[in-house]
Amino acid sequence: MLVFGGRWFTSSSNFSISCLDSGWSVFRDGEVSNNVSLSKYKIGRIRRGERITISQTIFVPDKSTLMFRTKLQAVDLLVDGRIRYSFGKDEFEKGKLIPKRYSLIDMSPQSGMHNIMLTYTMGENDSSGRIAPIYFGQRSYLVRAFYSYNRISMFVGSFLVVYSCLLFSLSIYLAFTRRSAIQIYIGADFSMLLGCYVFARNDILWFIGSHDVLFSMLEYIAFYLMPLAFSIILYSIHPDLIKRTQRTFITINIVFPIVFLLLHFMGILHINRMVSIVGILDIVEILVILPPLIRGIVDKQKINEESEYYFSVDADFYLLFGFIMMLVFSLLEMLIESIFNDEANLTDTKLFPSIDLLELGMLIFMLCYFVYYFMNGINHMSADRVKKQLEGMAFTDALTGLLNRAACNQYFANLFGNYTIISLDLDKLKYVNDHFGHMTGDKMIIAFAKILEIVYADSDMIARTGGDEFVVVFKNIDEKLCEACVRDLEEKMQKYNAYSKDISLGASVGYAFSNEVPGGRYQDVFTLADQRMYEMKEVHHG
């Protein structure tokens, strides 16, 4: 806004350009209307091939330029009865679409009073309701006046295009990091579509390039692809809501633009004639999809409020807000155009003369989509973190921090290959609990668990499966290493007992290898290790 609100863009109204609005003579259907103001002259219903001629005698200074806009019209400019400029005749005679165009004609006659005559040949039925304003002045001033008038549209279009490039770059990064990028990629495509539509709709591309047909086609194609883009966005977010209906609309929105283009290039029906059809289709889709979407988002919010993964505002509300704002602004813009139907006046001195509610709605929607994407990501990350915390609580022994019996059973269910199960039992825990209290017994359990974590640090799993029962699992370990770990455990307990004043640790250990039992089932391996542990326990207690 700092750039587009600068003096280079906003000071054009001070330059010597004129809007030739009043004083025209209009020739139509053999009738003449004098002293006509173009801004107040209503064309009404028109037929293809109908001609309207306007004429006026004005003072033409040196190095002056005439600028006017035509849409679906062929035009001839005569100066003092001599043809000075012509556009669109070939397209009209061949039955092709006459593109939009801003014509800038450098006037060559000597300074003085000259007659200016413009003849418009209508290329389509009901193609225009008014004659566009005609401007007069130096070429550089006229161009700056155009940029000044359209500075908001230029800002919005530039923002959407650059924003699309940033989202596309982000989608590539997410794809390389193996994270889901489909929604951000869809957002990038849609933002580019909207940006191109803003540029083409406001004739900004014409001042940048010279491909009139391409820029005119781009406006219609972008408009016809918007329902498809909206359908894909809504389906990617909520594919579960009226799934069959959404897929039907996506199919229709794919087929229609293809059919329209084929009809256009085959010369059967020009692409501009389908605008009303697409508009009706948009209204039908909104009426069908929007209510279930609102209900689905509200129901989802209620479920979130009742669940343990509750978030105060669901990300879908941001997207829904942007969609509704764009819809409201689009309807308001259509209402304003139908009531006032004013053509652009480049000499308008207002600060923001060309604010378009449709473009503002597009901008709000894309910003809301961006917020939706990141809020949705934050919500998912938060939910995953809470879920992991709850799973950790479900599979962790609260006293020792080791895995519990549930985690142990889950681990055993996926255990295969060569492995070793070590069964351990803390000696005399019941005696300590009965004579010294459970706090002393808990202290004994915690001390033993810490020693296990040190001795069996290289193991694949350490778990407490009961009050005094522990299990350790090793993969691909031999008997010598098992014996070494048992000896290390005994040494660590002896060192602890030497410094402990109130408790002493002792444990019974038994281990078994998966290749010792037929089939290597963990239940059989664990049973064998447990039997050997109890044999040592009998010796310790005896």
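This is a predicted model: local features need pLDDT of at least 70, side-chain atom pairs count only at pLDDT 80 or more; totals for chains, interfaces and linings use all residues.
Four strands make up an open sheet, and their order is 1-10-5-8. The pairing is antiparallel. Strand 1 covers 18–19 and strand 8 covers 101–106. Both stand at the edges. Each has a single partner strand, so one side of each lacks a neighbour in the sheet. Strand 1 is joined to strand 10, residues 134–137, by two bridges. These two strands run antiparallel. Within this pairing, Cys19 has Tyr135 of strand 10 as its bridge partner.

Cys19 leads on to the cysteines. Its relative accessibility is 27%, so Cys19 counts as partly exposed. A disulfide is a covalent bond between the sulfur atoms of two cysteines. How many disulfides does a search of the whole structure find? The search finds zero. The cut-off for a disulfide is 2.5 Å between the sulfur atoms. Cys482 is also buried, at 1% relative accessibility.

Now turn to charge. Side chains of opposite charge can pair when their charged atoms come close. The structure holds 17 salt bridges. Among them is the pair of Arg69 and Asp203, whose closest N and O atoms are 2.9 Å apart. Arg69 sits in strand 5, residues 65–70. Asp203 sits in the loop between helix 5 (182–201) and helix 6 (204–208). The pair therefore ties together parts that are 134 residues apart in sequence. Are these two residues buried or exposed? Arg69 is buried, with a relative accessible area of 17%. Asp203 is buried too, with a value of 9%.

A second salt bridge joins the side chains of Glu219 and Lys100, at 2.9 Å from N to O. This pair also links distant parts of the chain. Glu219 belongs to helix 7, residues 212–237. Lys100 lies in the loop between helix 2 (89–93) and strand 8. The two are 119 residues apart. Glu219 is buried, with a relative accessible area of 11%. Lys100 counts as buried at 8% relative accessibility.

Another salt bridge is formed by the side chains of Arg201 and Glu359, at 3.6 Å from N to O. Arg201 lies in helix 5, while Glu359 lies in helix 11, residues 357–394. The pair thus ties together parts that are 158 residues apart in sequence. Both Arg201 and Glu359 are buried.

The last stop is Thr53. Thr53 lies in strand 4, residues 51–60. Its relative accessible area is 14%, so Thr53 counts as buried. What surrounds Thr53? Leaving aside residues up to four places away in sequence, Thr53 touches Ser25, Val26, Phe27, Met117, Leu118 and Thr119. With Thr119 there is also a polar contact, made side chain to side chain at 3.1 Å.

Terms used. Residues are numbered from 1 along each chain as its sequence is written. Side-chain values use heavy atoms; hydrogens and water are left out. Two strands pair if DSSP finds at least two bridges between them. Buried means under 20% relative accessible area, exposed over 50%, partly exposed in between (1.4 Å probe, protein chains only). A salt bridge is a side-chain nitrogen of Lys or Arg within 4 Å of a carboxyl oxygen of Asp or Glu. A polar contact is a pair of N or O atoms within 3.5 Å; within protein, one must be able to donate a hydrogen and the other to accept it, and residues adjacent in sequence count only if both atoms are side-chain atoms. Contact means heavy atoms within 4.5 Å.
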